Amino acid sequence: MTDADLVVRLRAAGCVWAEDEARLLLEVPEPERETLVMRRIAGEPLEHVLGWAEFLGHRVAVVPGVFVPRRRTEFLAECAVAVASPGGILVELCCGTAAVALAVASRVEGLEVHAADTDPVAAGCARRNLAAVGGHVHVGDLDAPLPRDLAGRVDVIVANAPYVPTGELELLPHEARDHEPRAALDGGPDGLDIQRRIASVAPAWLAPGGSLLIETSEAQASGTAAAMATAGLDPRIRRDRSRSATVVVGTTA
Ligand SMILES: C[S@@+](CC[C@H](N)C(=O)[O-])C[C@H]1O[C@@H](n2cnc3c(N)ncnc32)[C@H](O)[C@@H]1O
């Protein structure tokens, strides 16, 4: 099979970025490559097939059944880099692969990193990804599994928690609906259930002057900000229209 043949097969299967995908698949030697191509043609997300997703220049490990880090979430990581201080403590809640924590810890020197997710398979990916920065990964509901001695000492909490309203799940692309767990996507009736829970627990973990950063959507940003204000944080909405990305940054007094 020539490179051009691969592009033709991917395009026929509906892959919009067939040339780019072919270039990445061609990095994999045969005979393994053909197995991966067949999985991709059958509709699996490219990242699950390859076993990695690109995120701010990192190849982040991701396996089937785990949420694929999105390019828009790079903005959350960039916002976190802007508020993190060298030698501080960073926590990523609902971490999935912990792509955000990895990107921040690679850019801010000496961070102590903790990441947590309820899904043990996602936590396994996070452990692989954070090994390079010495990060700690915990399994459990939101902040419940974090070491108690972090209370009042965390400089930055980041979260890209599920925020799709339940009634809009069916509008997601089939790759998300069919290959990512519902628990990674479903944010409840207005999409903000988990964000509200995160906002309510964050102040107990944050150090004075610390920040909570939550990815949200343009339409939901005022709701995310209201949840932070209710929790006693001072919220600011930040947007990067080029990536359709919205982040609310809530700071302690
Ligand atoms: C939208 S995905 C984002 C993953 C990662 N932050 C990212 O941006 O790639 C949401 C993640 O939250 C996790 N999650 C959902 N509910 C949770 C809960 N109650 N406690 C901890 N993690 C949860 C899911 O397992 C999933 O990995």
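The structure is a predicted model, in which local features need pLDDT of at least 70 and side-chain atom pairs count only at pLDDT 80 or more, while totals for chains, interfaces and linings use all residues. Residues are numbered from 1 along each chain as its sequence is written, and side-chain values use heavy atoms, with hydrogens and water left out.

Two packed helices are described by the angle between their axes and the distance between the axes. Helices here are DSSP runs of H or I with at least four residues, strands are runs of E with at least two, and both are numbered from the N terminus. An axis is a line fitted to C-alpha atoms, for helices over the stretch in contact, and angles between N-to-C directions run from 0 to 180 degrees.

Helix α1 covers residues 3–12 and helix α2 residues 18–25; their axes are 9 Å apart, at an angle of about 125°. The two helices are therefore oblique to each other. (Angles under 35 degrees count as roughly parallel, over 145 as roughly antiparallel, 65 to 115 as roughly perpendicular, and the rest as oblique.) In the contact (heavy atoms within 4.5 Å), L6, V7, L10 and R11 of α1 meet A18, E19, E21, A22 and L25 of α2. These residues divide into six nonpolar, no polar and three charged. Ala, Val, Leu, Ile, Met, Phe, Trp, Tyr, Cys and Pro count as nonpolar, Asp, Glu, Lys and Arg as charged, and the others, Gly among them, as polar.

Helix α1 also packs with α3: the axes come within 9 Å and cross at roughly 25°. That makes α1 roughly parallel to α3. On the α1 side the contact is made by L6, R9 and L10, and on the α3 side by E34, V37, M38, R40 and I41. By class, this contact has five nonpolar, no polar and three charged residues.

Next come the loops. P31 lies in the loop between α2 and α3 (32–41), and the peptide bond from E30 to P31 is cis, with omega near 10°. A98 sits in the loop between β3 (89–93) and α6 (99–105). Although A98 is not a glycine, its phi is positive, at about 65°.

The last stop is the ligand. It is surrounded by 19 residues, the closest being C94, D117, D141, L142 and N160; a residue counts as near if one of its heavy atoms lies within 4 Å. A nitrogen atom of the ligand is 2.8 Å from a polar backbone atom of C94.

Methods:
Polar contact = N/O pair within 3.5 Å; in protein donor to acceptor, adjacent residues only side chain to side chain.
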